[in-house]
Amino acid sequence: MTSHAPAAAAAGTWRLGDLTVNRIGFGAMRLAARAAFRTGASRDRGQSITVLRRAVELGVNHFDTAAFYFSPLRSANELINTALSPYPDDLVIATKVGPARDPGGEWTTPARPDQLRGQVEENLRQLGRDHLDLVYLRVMGQESVSEHFGALAELRDAGLVRHLGISGASPRHLAEAREIAPVVCVQNRYVIDTPGGEEMLQACRAHGIAFVSFFSIAGEGGEAGAVRVERDEVLAVARAHGVSYAQIRLAWTLAQGDHVLVIPGTGDPEHLADNVAAGALRLTAEELRLLDLTGHREF
């Protein structure tokens, strides 16, 4: 791995409330296990710690994690704590609450509003912190988020949480949450070859709220990873720039607005460097139009 790899700052920055982060972050979903949310082989502990420390060296200062990111042997939060504490002053760690898994890794009933404090405190314990920089309420099919988001707003007022966001949400959820407390970001799936998501993207732009895209590389594969045959349009643009298809996917996502952030995750140091390098890639207007057609988007 070369020491001159482009830093995460090449993509620019955005403010999450009073916290400034580089627009390329890191998602911890795949740190603990080779396959997210599946029983089986855990990742090599030393390699995961190396990836985290290398991410900081490359300028990544926005890490996305959750207490439910774990394998039979280890958790993403514990790896982050081991690798990065004492934490740099400019490091922002975002966590999510709402979903729940039992010790065996099986999904259980999502948390009720009165159970969210316990989930926040578990993240605090695992990360070794006295407050969380940013907590997302992951919407789990509920029509209204008012009770759950209201419970998180109380934890914010109590000093356990600094900033709030919502994930897997609709514009209606965003409007409802903003009536309760400030929302600094929305974390939703946004993929080059899957239509949808523009309404929330534009709502965030209108309110100066960060839009944090997940599965930008995995695409339709989602939690299973990039299991598809790559689109011809993506490959053509990648060949033109002499870069990976993953960089094209990330660069396209970042080009959707200055308020758009990405959090690609990996347990591989080489993939990490490749992902971060996407921050320095600039696509032409013609390339963006070609890639827009990949998802049959209409603007």
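Strand β5 (residues 92-97) runs parallel to β6, and four bridges join the two. Within this predicted model, T95 stands opposite V135 in β6. Strand β6 itself covers residues 132-138 and is mostly covered, with six of its seven residues buried.

**The sheet**

Both strands belong to an open sheet of eight strands, in the order β3-β4-β5-β6-β7-β8-β9-β10, with parallel pairing. The edges are formed by β3 (26-27) and β10 (260-262); each has a single partner strand, so one side of each is left without a neighbour in the sheet. In general, the strands of a sheet pair through backbone hydrogen bonds, in either a parallel or an antiparallel arrangement.

| Strand pair | Sense | Bridges |
|---|---|---|
| β5 (residues 92-97) and β6 | parallel | four bridges |

**Residue Q119**

Helix α3 (residues 116-127) contains Q119. Is this residue buried or exposed? The relative accessibility of Q119 is 16%, and the cut-off for a buried residue is under 20%, so Q119 counts as buried. Leaving aside residues up to four places away in sequence, Q119 touches V97, G98, P99, A100 and A111.

**The protein as a whole**

The protein contains ten helices and ten strands. Its radius of gyration is 18 Å, close to the 19 Å that the globule rule gives for 299 residues, so the protein is as compact as a globular protein of that length. The C-alpha trace spans about 50 × 45 × 35 Å along its principal axes.

Of the 299 residues, 57% are buried. Among contacts with a separation of 6 or more, 73% are between residues 24 or more positions apart. The protein exposes about 12,700 Å², and carbon and sulfur atoms supply 50% of that area.

With regard to charge, there are 30 positive and 36 negative side chains in the protein. The centres of these two sets lie 3 Å apart.

Notes. Residues numbered from 1 in each chain as written. Predicted model: local features only at pLDDT ≥ 70, side-chain atom pairs only at ≥ 80, totals over all residues. Heavy atoms only, no water. Rg over C-alpha atoms; globule rule 2.2 N^0.38 Å. Buried < 20%, exposed > 50% of the residue type's maximum accessible area, 1.4 Å probe, protein only. Contact = heavy atoms within 4.5 Å. Areas by Shrake-Rupley, 256 points an atom, 1.4 Å probe, with all protein chains shown as cover. Lys, Arg positive; Asp, Glu negative; His and termini not counted. Charge placed at Lys NZ, Arg CZ, Asp CG, Glu CD. Pairing = 2+ DSSP bridges.
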